[in-house]
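Student: I have a new structure to look at. Can you walk me through it?

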Amino acid sequence: MVLFATPAQAQLSSPLPPGASKPPAPGTAILPGSIDGLAGKGAGVHGANSPFAPLAPRDDVLAWSVLTDVKTKNEKNRILPVFNASQLDMNGKTQRIQGFMMPLEPGKKQRHFLLSSVPLSCSFCLPGGPASMVEVKTKNPVEYSMEAVVVEGRLQVLRDDPYGLYYRITDAVTVK
């Protein structure tokens, strides 16, 4: 659900969206987990009322904090990622990532889906910005699960993806 701030609401000093440092400007879209009232920026936020447990910490997977630590720049009416050296160093290397499946096609088995740092709260809402999602293309179909999954494959760091994504894993397999 997208909420828009009215002029009166924009004057309120509290409550602010999570991570916000100032009230949003009138007419600004506010999404759960948005930062400074900018929709689709930053990592997703796990809701306190979610029926799904947050991701359990694992030492054998790439931390979402590493992936979401991305700066952005405006270039020719587009917002492009500016990756740090450690993120660029991961490009083309095998990585494991834990997250929640967001199917891109109908069906019980998925070969192409998004992996998110937080579970979906609405089938029409993105839970965070592009840094908190990874496009996954698997070798073999994977059964859809609403629980967290771990995939392993070759990570691609995307500097200028036409869909606005920052990361992709190819030749992925599921890991227990």
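Tutor: Start with the contacts, meaning heavy atoms within 4.5 Å. Among those in the protein with a separation of 6 or more, 59% join residues 24 or more positions apart.

Student: Where does the model come from?
Tutor: It is a predicted model: local features need pLDDT of at least 70, side-chain atom pairs count only at pLDDT 80 or more, and totals for chains, interfaces and linings use all residues. Residues are numbered from 1 along each chain as its sequence is written, and side-chain values use heavy atoms, leaving out hydrogens and water.

Student: How many helices and strands does the protein have?
Tutor: Three helices and nine strands. Both are DSSP runs, numbered from the N terminus: helices are H or I with at least four residues, strands E with at least two.

Student: Which strands close into a barrel?
Tutor: The order is β5-β6-β7-β9-β8, with mixed pairing. Two strands pair if DSSP finds at least two bridges between them.

Student: How many bridges join β5 to β8?
Tutor: Six, and the two strands run antiparallel. Glycine 99 stands opposite valine 149 in β8.

Student: New topic. How many aromatic pairs are there?
Tutor: Two. Rings of Phe, Tyr and Trp (its six-membered ring) pair if their centres lie within 6.5 Å; planes under 30 degrees apart are stacked, over 60 edge-to-face, the rest tilted. Phenylalanine 83 and tyrosine 166 are edge-to-face, at 6.1 Å centre to centre and 85° between the planes.

Student: Why does that pair tie together parts that are apart in sequence?
Tutor: Phenylalanine 83 lies in the loop between β4 and α3, and tyrosine 166 in the loop between β8 and β9, so the parts tied together are 83 residues apart in sequence.
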